[in-house]
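Good morning, and thank you for coming. Today I shall walk through one structure, and I ask you to keep its picture in view as I speak.

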Amino acid sequence: MALTTPTAYRSPGLWRRLRSGNLTEAQLGIILLIPAAAVLLLVMFWPIVQVLWQSLHFERLNLPARGRPFIGLEHFQRMLWGTEMAWSPQHLLGWRLLAFAAVGGLWWGTGRGTVRRRTAVIWTVVALLVAGLWMGFHPGEAGRWGDARFWNAFSITLLVTVASVAGSFLVGLPLALLANVESRWRWLVRIALLIPWAMPRVLVGIMFAWLFNSTNGVINDVLRRLGVEGPLWLARADPAIWATNITIVWATSAFVGLILLAGLQSIDESLYEAAMVDGASPWQRFWQITLPLLRPSIAVALIFRTLTAIQTYDIPYAMTRGGPGRTLETLGIYVANTTNSLNLGYAAALSVALFTMSLAVTVLYLRWIYADD
Amino acid sequence: MRRRHGPFARVAVVVGTALLVLNGTFPLVWMMLTSLKDENELIRIPITYLPVEPTLKNYVQVFQQLPFDRFMLNSAIVAVTSTVVCVLIAALAGYALGRLNMPYRRALLTLIVTTSMFPALVLLVPLYRMFLGMDVPLLSPLVAALHDLGMRFMPTEVRTPNLLNTYWALIIPYVALSLPIATLILTSFFQLIPRDLESAALVDGCTRVQALFRVIAPVSAPGVVTAAIIIFVNSWNEFVLAMNFNTTMSMRTVPVGITMYQGEFAFPWATISAAITVGVLPLVALILVFQQKIIAGLTAGGVKG
């Protein structure tokens, strides 16, 4: 007697489902995400792991005989503290005592219940790190604060970030308000907002270098007609940094304007009508309705702008090659120049510094995204 | 806004709008005017605003001094290939994240957005090393095989492994750099397509994959165009990686090539401005045709989430 084995119901395997096209949504989703995940892992995440690892190695392609030995944190020591740094308990002792007093005050406040415990713990850790690691180190005999070129690049990057983010917001907001007005010329306004966004940043830099040309440039010509003698914009560091910032603001304020414009268009028109009925002046409407409701867009615009400002490279490079000399070198230009001189180990360490700065801003962004959920 | 304005406000708006348009277009217009002037006219003081004797010889000079046609071709090949590859990958990912019930959807999307915040400059050193001593699994053998078949992406007789000075050295990072923003744009477009459309197809006996290709794909064409334009512009404009990865003259892209006209101390402004004018023509054409789509895409990328 033939026994027919009872076949239990088996859900069809993944391969069969794939061939027949009957996948569950999650399965299909995972399959569709594979190419994107592969690209991001191979070309974004893996290189970042590599750059972290590379920064702990010595490697100069022009000194192939030296190979690629592991040197630990030496690059970072050279970058931040310098090789001449020494630890001394007296160094900046007053500030350190002050910091410890402040921390003591925090804990006293915790005991009285006016300060949260978590706050006190966090600030204690911060104070210990700063006071211990940073303030105790001081430059030795011939020493200085690490790689002077790095600190210069770092401060130029900070200056450009602060000045150009603020500038592009202050220019971008009026641009958005104007672009939001209904008119026949709206297409022209759109084009005028898109051109600065779409131009390659290097070409913007070259273009403005011509506009800022001290003898034949149009800016100094207009100033001359107004009876002012314009400076030699790009020959000295002081006017050059402002010429650079103005150029960056021109190139980026349009993008800020576009994001704010999207925010403006999502504001409910009836709010304005209600405010008009209540007799609010345009000024009041702007401060009481527009600005508060625009806050999410403003935050997005500022965060994205800050991230791009940290990487500033093209415009200063095109305008002055980071010069005169190396005075206006941003961190980005320093990374690229170090790569060009084939010192890949130190370039990796500088990239890590750059990455850390943008990671800090990214963390702010993520905290803000998840804040009001 | 359809609110009424007083006469003062109206004048202010008109003046403001005029300033806005002037601000946005003046530098480019000035470049075009400069490109029509003679080299001697440029050093005249006081400067001339409109060209006195318009000439086109700067444009001839652009192509004679350096292989600018080659730069354009390189940029076009790199930008178009990156765009096609990136749109394909991003469309698949966008569909998964925008339409399907997936676990951790929100977290995945946030992860992708976070990736877009990585500075491209950080990729410079690792990718340079990777491409230099290039032995990428799968890719190197593939490039060698294509070379043997006659598709020579390498400038020299080198079959492999050095990817520097090839189109790949730019296409690979450009796809990765534009992927996050493209995915974000396409995700938000897919979310807008009504679900009924798809369920109707499913009821009619389509499988999910068939529904994707027969129903969703045609409807999502506008989103794809938007994403494609933004990827194209990003890839056309990229400078740092192109500057450092492709250093032979025949492999330069447009933005890098234009910086090559200036010597150590000499700035042939007439030639440079003509080169800039030619180099941004594709971008200006895209803006003129697709202005609304580009704005929709840019703002989709900027919206929270």
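Let me begin with charge pairs: over all chains, the structure holds seven salt bridges. A salt bridge here is a side-chain nitrogen of Lys or Arg within 4 Å of a carboxyl oxygen of Asp or Glu. Before the details, please note that this is a predicted model, in which local features need pLDDT of at least 70 and side-chain atom pairs count only at pLDDT 80 or more, whereas totals for chains, interfaces and linings use all residues. Residues are numbered from 1 along each chain as its sequence is written, chains are lettered from A and ligands numbered from 1 in the order in which they are written, and side-chain values use heavy atoms, with hydrogens and water left out.

I turn to the place where the chains meet. In chain A, 101 residues are in contact with 97 residues of chain B, contact meaning heavy atoms within 4.5 Å. The area buried between chain A and chain B is about 9200 Å², and carbon and sulfur atoms give 75% of it. Buried area is the accessible area, taken with a 1.4 Å probe, that two parts lose on being put together, summed over both. Of the area that chain A buries against chain B, A:Glu25, A:Met44 and A:Trp210 supply 8%, more than any other three residues.

How many salt bridges does the rule find across the interface of chain A and chain B? It finds one. A:Glu59 forms a salt bridge with B:Arg129, and the closest N and O atoms are 2.8 Å apart. The largest share of the side of chain A that touches chain B, 21 residues, comes from helix α2 (residues 25–54) of chain A. Helices (H or I, at least four residues) are DSSP runs, numbered from the N terminus.

A:Glu59 has a further partner: A:Arg68 forms a salt bridge with A:Glu59, with the closest N and O atoms 3.7 Å apart. Is A:Glu59 buried or exposed? With a relative accessible area of 10%, A:Glu59 is buried, while A:Arg68, at 31%, is partly exposed. Buried means under 20% relative accessible area, exposed over 50%, and partly exposed in between (1.4 Å probe, protein chains only).

Another pair sits within one helix. A:Asp221 and A:Arg225 meet in a salt bridge at 2.8 Å, N to O; both lie in helix α9 (residues 218–225) of chain A, four residues apart, about one turn of the helix. An α-helix has 3.6 residues a turn, so residues three or four places apart point the same way. A:Asp221 counts as buried at 3% relative accessibility, whereas A:Arg225 counts as exposed at 57%.

B:Ile276 touches residues of both chains, including A:Leu203, A:Ile206 and B:Met31.

A:Ala347 counts as buried, at 0% relative accessibility. Not counting residues up to four places away in sequence, A:Ala347 touches A:Val335, A:Thr338, A:Thr339 and B:Val125.

Methods:
Helix = DSSP H or I, 4+ residues; strand = E, 2+ residues; numbered from the N terminus.
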